[in-house]
Number of protein chains: 2
Amino acid sequence: MKRIVIVGGGFGGVYAARALERQLRGLEDWAISLLSRENYFVFQPMLPEVISGTVGLTDVVSPLRRLLRRTHVHVRDVESIDVCNQTVTAAPGFRQRPHVVKYDHLVLAPGTVTDFRGLAGLPEHALPFKNLADALELRSHVIRALEEADIEGDDPELRQQLLTFVVAGGGFSGVEVVAELNDFVRDVARLYRRIDPREIRVVLVHAQDRILPEVSPKLGAFAAKILRRRGVELALGQRLKAATGESAILDDGSVIPTKTLVSTIPASPHPLVDALALPKTKNGRLVVDASLRVQGYTNVWALGDCASVPTSDGTPCPPTAQHATRQARLIAENIGATLAGKKLRPFDFKGLGKMGSLGRRNAVAEIFGLSISGFLAWFLWRTIYLAKLPGWGRRLKVASSWALDLVLAPELVELRLDRSAGAVHEHFESGQNVFVEGELGDRVYILLSGRAEVVRRRPSAGGVAVEQVFATLGPGECFGEMALLGSAPRNATVRCVEPMTVLSIPKREFGLLAANVPGLRGSFEQVMARRGLPPS
Amino acid sequence: MKRIVIVGGGFGGVYAARALERQLRGLEDWAISLLSRENYFVFQPMLPEVISGTVGLTDVVSPLRRLLRRTHVHVRDVESIDVCNQTVTAAPGFRQRPHVVKYDHLVLAPGTVTDFRGLAGLPEHALPFKNLADALELRSHVIRALEEADIEGDDPELRQQLLTFVVAGGGFSGVEVVAELNDFVRDVARLYRRIDPREIRVVLVHAQDRILPEVSPKLGAFAAKILRRRGVELALGQRLKAATGESAILDDGSVIPTKTLVSTIPASPHPLVDALALPKTKNGRLVVDASLRVQGYTNVWALGDCASVPTSDGTPCPPTAQHATRQARLIAENIGATLAGKKLRPFDFKGLGKMGSLGRRNAVAEIFGLSISGFLAWFLWRTIYLAKLPGWGRRLKVASSWALDLVLAPELVELRLDRSAGAVHEHFESGQNVFVEGELGDRVYILLSGRAEVVRRRPSAGGVAVEQVFATLGPGECFGEMALLGSAPRNATVRCVEPMTVLSIPKREFGLLAANVPGLRGSFEQVMARRGLPPS
């Protein structure tokens, strides 16, 4: 039995598997395997609709096993690929042993990843927007922020952070996210008795001087006008530089207080592709020839966002679904031709156009050279994407959700995912408090880089409380453990004086470890003794 | 401004708030507050349908803010109640400070909790089934088990664990869960190329000798027949005694290998009620008079599963939604009467009947003394509960989901929730391996109770590998750290020889802590040195 192995469950991988199922029909000695982290395919164009719940939470994804009836689907992360021994190694499942799949032909379509490394605080505090889990998390986070704003009536600073929503990236993805987010927040805020709609800020940060660089300036200006009219602030010509748990920091130094920061940029090469010793372009995409074979190999193929596919005019293909699905069909055809010893065909597709939804019956589109905006573009958007959604079942579900959405109010259920049970990194900027004297202790911290000071309020001669600095903390030092060991409120404030990264361990976790790991508690006590003060 | 504070967002709390909104209309100086952990109300009778995805994942819950337009909803856990100072303290939100709400009248409706304490291994390995998160987790877990069974073709032992699903508790809740689970698993298994439907086992464990003790023996026997016909095994007269990560252990000592164990029992008093110094019955329910006031108080009321409400024949009310909603209306009326200085009315409701769905157009019902089973009961079930579902929007959504379900195949999307990032407890029974020589290391363990041995395979004289015990481990000892520190495969097998509980720390977590907490790594190295062997 010979085997074609496809890595990736997005547009490239899934459509390649579908095309191969047709192409290889009748060839009994060939099997197709597809490895994907999730057991479903995400229909990216409709993902932003999950934020507002316009469509059911799982309606924009299709189970792989329904789409691919003749493919062996392995729902596992891929850990490594060996092009010499022709194997793909998947992560372990319930048993801790590697799962190795041999291949005769390999199709690479892992896509790109959102990689915030190098941007201070973004890995810890920015929300990506790429897969279904991201969309659900953003949705839950936004509802949580509204719930808390409704309760925290007398803390204007916290309210401002809770009611400000920032999206970075003004391409199609960022614009669609900010439009959905803005509509949703402003719509449901009316249900919160203590939120004044005028308190809500939604900001789109974009590095260029106009949004939607993918389309003509006219359409970009149209989209900007629509967004502004609905209350979205545009911060143009600005880049996101850093983030903390309570603010977004732009490269001109301005600080936007916020608890909700979504970044749709940057797309980085997938670590799997990164680790492969195959020819790559400067920006880390695989170099393939016009027939989509990776340079230097006859049985390794690549498509979609991970590959740099040449077009007839010399520029590489843009990373869109319409290109990936056509590349997928060509790869199936060319693998068929290789098996039959026939000639390969080159990739030649110009693109049909571009569309982006602005929500509320509004969109922009460039199709066959025509610029369309407004209701007609929105109608086209819905019709075309509904038709492209794979599977009749999904189409029916989405169409029925859209119909119900016309008469029903938006969904407001917060699915609490409770993800961060363990230790996490947190980033703080100068002047920011890690915790404040008198608060309850819920975490212990280890300072990894940067500097903080320990301050306490003391009554002064005049009766006014003044702050007094008790100690300065540097890398390697722990703080905040007393409140956990003793369950008393924080007896001091810890404030960042130099941008810092800390390891933050939740109370439950620290309790479990301190009670059971012999050296841990002692180690904290030594640090406290060195510091020479009873720490907060 | 005077305040009525309701604790709990289930049938009792939400219906009390709704009734109070009507009762107090026009009384401008009274405000109603409701505290709930979730921002939605779960319509329990339809919760099992989330397992199979017959209804949309959020269709069986209603956002509290839509149901309660004139109530201040606080979406927070309640931490404590002080009946002397008349305050309710909620858990902190983003800022670590307590949130205290004063009350003039208090309505207690926190319900019960699933408490597995005292049952070895259940807290770690059994899935509860009470709220939406539980239903989603069970659903995802079941799909994960099928995905893994499809991959793990050559490990019959693991396949058996993956393809066996055990539900404990044969009351309405357990029967509805096992019926949905069984239908779903057997239905979707056909999509998995390497799963033979005959490999699937679904087991219902129940302590009594017949299921559905709530209804007549005839209906119970009918339900048992239907379940058996669909492939559910009934383990009657048996109790669940313990659980490990790979088995359910019954009180007659029999072991069912399984990775999926759901327990719908036991319901224990809510910790909040436990902590209150109020009169309680032997089983921890609050003692209230016929007007639903807690004994000894004129401004503390209780209803639903947390209260023992006397009926005219002396027996306490059963814990059902129909009783809770009627108690809720009476409490509103009686609080109104108290404010107006009028006489209180006693609770007097006999119950209308009982219904339980068996899935696939089948149910059992006892209504007005009539026993009904089969399609008619199922039709009644759907009609009555659809009418009871609060809000027209939900009814429309559920009705449309049910209509689509007639033509569409069941949903198969696995929502990965990735919850266990931190340290967790795990339970092992004698003979069970914690890990096996040669596996990859993904966790480090601290033995809290019980005993384990470290064994290695060595070639013997005859060339056959024999096992040799190298060490015995007891409480306080760590193992498994070498594979993490060095990234080598496990160099020995660790096997439980006396039932044990361990603290299990994932690789990522251990790495973060070992790199940054000064004493931690040293402490592990000391343990290793004491043990006198290079540990696995």
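**Exercise 1. Is strand 23 (residues 353-359) of chain B mostly covered or mostly uncovered, and how many of its seven residues are buried?**

Ground rules come first. This is a predicted model, where local features need pLDDT of at least 70, side-chain atom pairs count only at pLDDT 80 or more, and totals for chains, interfaces and linings use all residues. Residues are numbered from 1 along each chain as its sequence is written, while chains are lettered from A and ligands numbered from 1 in the order in which they are written.

Step 1. Strands (E, at least two residues) and helices (H or I, at least four) are DSSP runs, numbered from the N terminus. A residue is buried if 20 or more other C-beta atoms lie within 10 Å of its own, exposed if 12 or fewer, and partly exposed in between; C-beta atoms are placed from the backbone.

Step 2. Five of the seven residues are buried, and strand 23 of chain B is mostly covered.

Step 3. Find the partner. Strand 23 of chain B runs antiparallel to strand 24 (residues 362-367) of chain B, with six bridges joining them. Strands count as paired if DSSP finds at least two bridges between them. B:Met355 has B:Ala365 as its bridge partner.

**Exercise 2. Compare the surroundings of B:Val177 and B:Val73.**

Step 1. B:Val177 lies in helix 7 (residues 172-188) of chain B. B:Val73 lies in strand 5 of chain B.

Step 2. Check burial. B:Val177 is buried, with 24 other C-beta atoms within 10 Å. B:Val73 is buried too, with 26.

Step 3. List contacts (C-beta atoms, placed from the backbone, within 7 Å). Not counting residues up to four places away in sequence, B:Val177 touches residues including B:Pro48, B:Phe129 and B:Val262. With the neighbours within four places left aside, the contacts of B:Val73 include B:Leu34, B:Leu64 and B:Leu68.

Step 4. B:Val177 and B:Gly359 are 182 residues apart along the chain, with C-alpha atoms separated by 9.5 Å. B:Val73 and B:Val255 are also 182 residues apart in sequence, yet 46 Å apart, C-alpha to C-alpha.

**Exercise 3. Which rotation superposes chain B on chain A?**

Step 1. Superpose by least squares on the C-alpha atoms of residues with pLDDT of at least 70 in both copies. A rotation of 180 degrees with 0.0 Å of shift along its axis does it, at RMSD 0.0 Å. The copies are therefore related as by a two-fold rotation axis.

Step 2. Look along the axis. B:Gly422 comes closest to it among the residues of chain B, at 1.9 Å (C-alpha).

Step 3. Count the interface. 70 residues of chain B are in contact with 70 residues of chain A.

Notes:
Contact = placed C-beta atoms within 7 Å.
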